[in-house]
Amino acid sequence: MSLVKYEILNAVVEYGSLTKAADALNITQSAISHAIASLESDCGFTLLNRGRAGVKVTAEGERILGYTREILRWNELMNQEISLIRGAEVGTVRIGTFASVSTQWLPGILKQFRLRHPGIEIKLWEGDYAEIEAWLAGGAIDLGFLSLGESMSYETLPLQKDRMMCILPLGHPLADETSVSFELLLEQPFILPRWGGDNEIERLIRQHAAKLNVVYEVAEDQAIMAMVRNGLGISLLPEMVLQGHTNELALVPLRGDPYRTIGLACPSLANLSPATRRFIEAVQEWLAHTP
C-alpha cells in the first residue's frame, strides 16, 4: 500500500467529499475514486460509504484511519528532519484552536511565523474543546490549544492564565461591586456557555456543588454577550474573550480570581516534528512580548 493512497483516504475523510478532496490534492476525481477502490481492494473491506449527504467513513475504515494518519505523521516528521539536515525548513503543522485563541492570538503569531519560517505551512482546525480533543485522539491534528484541566490524556504545555469574569448588563445591581461571590450568581438568571468537553465553567460549578438558575445554554461567545446586553441574564466568560467589549458590558471579577489555563496539548512532546517545535517556539515568544 502506498503513502499516496493513505493521503487520499485522509483527505476524503477530512473534507467529506471526493470532489473537495480532489480539489485540495489537485488531482482528478476519477483518480481519487480509483485510489480508494484500490485501497479497499488491498484491505478486503469497504472503507467509505458514499451517499447524497457526502462520504462517511465506515466502522472498519475508522479503525484503519488512525494507523494511516500515524504513518503519514511519521513520514512528515522524517521528511522535515531530512530537510533540516540539508539546511532547509519545510513541513506542515496541523493546529486545533478555539475561537478566542483564533481571534486574539493567532493573527499575530501567524504573521510573525510566516516571516521567519516561510517554508512551513500551518493548517488550522477550529472547534470547541471536545472537538479538539477528538482530533488529537484521531491523529487529525499535531497540536491543539485547549483549556487545560486537572487530568488530561495528553502531554501539555501551559501558556497563559485567563481570569474568569462575571458579565452583567450595564446598570445591573451588581455592576459596581469590586468582586462577586459564586453564591451570588445562584440568585440570578444565568446564561450557560455550552462549549463542549470538560470546560472551566463546568469545573467551577462542580467545585461549588452549585445549581445555577440556567435560563439559556449558548455555544457562541458573541451571542452570550448580546443576550447579557439585552438583560436576558448574566454569565461567566474568560477575560480574553471580552477584549473590545468593556464599554458595553459590566465586568466584575469573581471572588477568589478563578481562571482557565490556556495551553497546548499533543500526544507526545518528545515526538514532535521540527516544524511543530518551531511553531511552539513562535507561540511562546509572541506571548512573552505581548502585553
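Predicted model: local features only at pLDDT ≥ 70, side-chain atom pairs only at ≥ 80, totals over all residues.
View 1. At least two lining residues come from each of helix H1 (3-15), helix H2 (18-25), helix H4 (59-85), strand S3 (91-97), strand S4 (120-126) and helix H7 (129-138). Helix H4 contributes the most, with 8 residues. Sorted by class, the lining of the largest pocket holds 14 nonpolar, 10 polar and 10 charged residues.

**View 2. The second largest pocket has a volume of about 580 Å³.** It is lined by 27 residues, of which Glu200, Arg203, Leu204, Gln207 and Tyr259 are the closest to its centre. The elements that each give at least two residues to the lining of this second largest pocket include H7, strand S5 (143-147) and helix H8 (182-185), together with helix H9 (200-208) and strand S11 (259-266). H9 supplies the largest share of this lining, 6 residues. The lining of the second largest pocket consists of 10 nonpolar, 8 polar and 9 charged residues.

**View 3. Val215, Tyr216 and Leu232 form a nonpolar surface patch of about 240 Å².** Valine 215 lies in strand S8 (residues 213-218). The relative accessible area of valine 215 is 36%, so this residue is partly exposed.

Conventions:
Residues numbered from 1 in each chain as written. Heavy atoms only, no water. Patch = residues over 30% accessible without salt bridge, like charges linked within 9 Å, V, L, I, M, F, W, Y side chains within 5 Å. Areas by Shrake-Rupley, 256 points an atom, 1.4 Å probe, with all protein chains shown as cover. Salt bridge = Lys/Arg side-chain N within 4 Å of Asp/Glu carboxyl O. Helix = DSSP H or I, 4+ residues; strand = E, 2+ residues; numbered from the N terminus. Buried < 20%, exposed > 50% of the residue type's maximum accessible area, 1.4 Å probe, protein only. Nonpolar A, V, L, I, M, F, W, Y, C, P; charged D, E, K, R; others polar. 1 Å grid on protein atoms, 1.4 Å probe; cavity = no way out; pocket = protein on both sides within 12 Å on 5 of 7 lines; lining within 4 Å. Points joined across faces, edges and corners; volume = space filled by probe spheres on them.
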